[in-house]
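Notebook open, viewer loaded. I want to look up how the parts of this protein sit against each other.

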Amino acid sequence: MRRTTRKALINLGLFATVLLFIVYLNGPQSKTKTFAWNEIRYKPTSATLPKSRGICHGVSGSSKPVLVVSRVEADGDAKWLDPLAKLYHFCVYTVDAPDSDSKYLQVPANRGHEGMAYLTFIIDNYDHIPAAGAVFVHGARFQWHNDEPQYDNVALLSALNVSRALEPSGYHNLRCDWSLSTCPSSVPPQGSFETSSQAKLVPWDDRAASDAGLPKALAAIFGGNDISTVQPSASDAVRSQCCAQFVVSRKSILRHSREEYVALRQWLLEDNRGDLVVGRILSYVWHILFIDQGGLGSEGINLNKLNQRACPSAQECYCRLYGRCNLEGCTSGSCNGQYELPTDLKLPKDWAQTHGQMS
Ligand SMILES: *[C@@H]1O[C@H](CO)[C@@H](O)[C@H](O)[C@H]1NC(C)=O
């Protein structure tokens, strides 16, 4: 055999071995895998817990669903909510308020983005969640992730039928379009070789960092004695919608004890990863906490079923949530003319001025 041929054969052999190894790491997902994600078992390290500054006045006994808003000072005032006052009871949290600011409700620390406000609402108002449910949203009216042709959350929240949204699973993300979600089967599992190499090669890629960090974070949050029952493997994809705006039933919130939410908030406060990273990790946890698994009980959560429920088709979702039915030109993850990702995920600077007078 000529030397170059032998070299080529050796190289080919090496290449095939590496390829087989990668294929093995990303091997087929077992169809019946269940995880012990029904209870938050994180053990806080801190001895003192934050005091309540998030008790929302009048939420007790409200016949309307509550609208929990997580705003930052830069969002401007929350007047944009006014047209929605007939439909929702507002609980507005400012995550970066100076201590003296008392106009809006407050959180223990500006950490984990909207996650801190959402958990603080649940913890401080646990016994008073309205029977009509709760809607959790961000503090600006126009944002790229609002799934509406004008990116307008007033339009979305006016059209939203909360009770219908809650019918199938007691939880629904407000987005129907699958862009930037992990719903498409083409998105690799969070613990895959592909995702972890991306996180290592591009350390400033927060998306990759939080995706790659998800399996271990789930193990930390759901705890327990056997890590294999809480930590997804390299081949287990957690499919879910993007962007952490959603609607939840009271029943789904009360499925977990108040102490569990306190523990989850402590995880958010005590984990030492970057703010954006833990915030994004938490955005993959909400649906795990809230989607009704229908009788699965204590054995755990079936990942395949969870994934299916977390990712309804865009067409079904637009119709159920916003009454936009019989849309044309739909794939599973989008319908013509409903939503487009803006360039660089940014709306033009004057978008609010040019669109704000519409309603
Ligand atoms: C919401 O949907 C339900 C059907 O699930 C319907 O009975 C109700 O009238 C709808 N509410 C509004 C405000 O359209």
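This is a predicted model: local features need pLDDT of at least 70, side-chain atom pairs count only at pLDDT 80 or more; totals for chains, interfaces and linings use all residues.

I started with the side chains of Arg-280 and Asp-211, which meet in a salt bridge at 3.7 Å, N to O. My cut-off for that term is a side-chain nitrogen of Lys or Arg within 4 Å of a carboxyl oxygen of Asp or Glu. Between domain 1 and domain 2, the count is one salt bridge.

Numbering runs from 1 along each chain as its sequence is written, and side-chain values use heavy atoms, with hydrogens and water left out.

Domain 1 covers 42-187 + 239-353 and domain 2 covers 188-236; the bounds come from an automatic or database domain assignment. Their centres, taken over C-alpha atoms, are 22 Å apart.

Then the interface. I found 18 residues of domain 1 in contact (heavy atoms within 4.5 Å) with 16 residues of domain 2. The two domains bury about 1500 Å² between them, 66% of it on carbon and sulfur atoms. Buried area here is the accessible area (1.4 Å probe) lost on putting the two parts together, summed over both.

Last, I asked which helices each supply at least two residues of the domain 1 side that touches domain 2. They are H8 (258-270), H9 (275-283) and H10 (286-290), helices being DSSP runs (H or I, at least four residues) numbered from the N terminus. H9 gives the largest share of that side, four residues.
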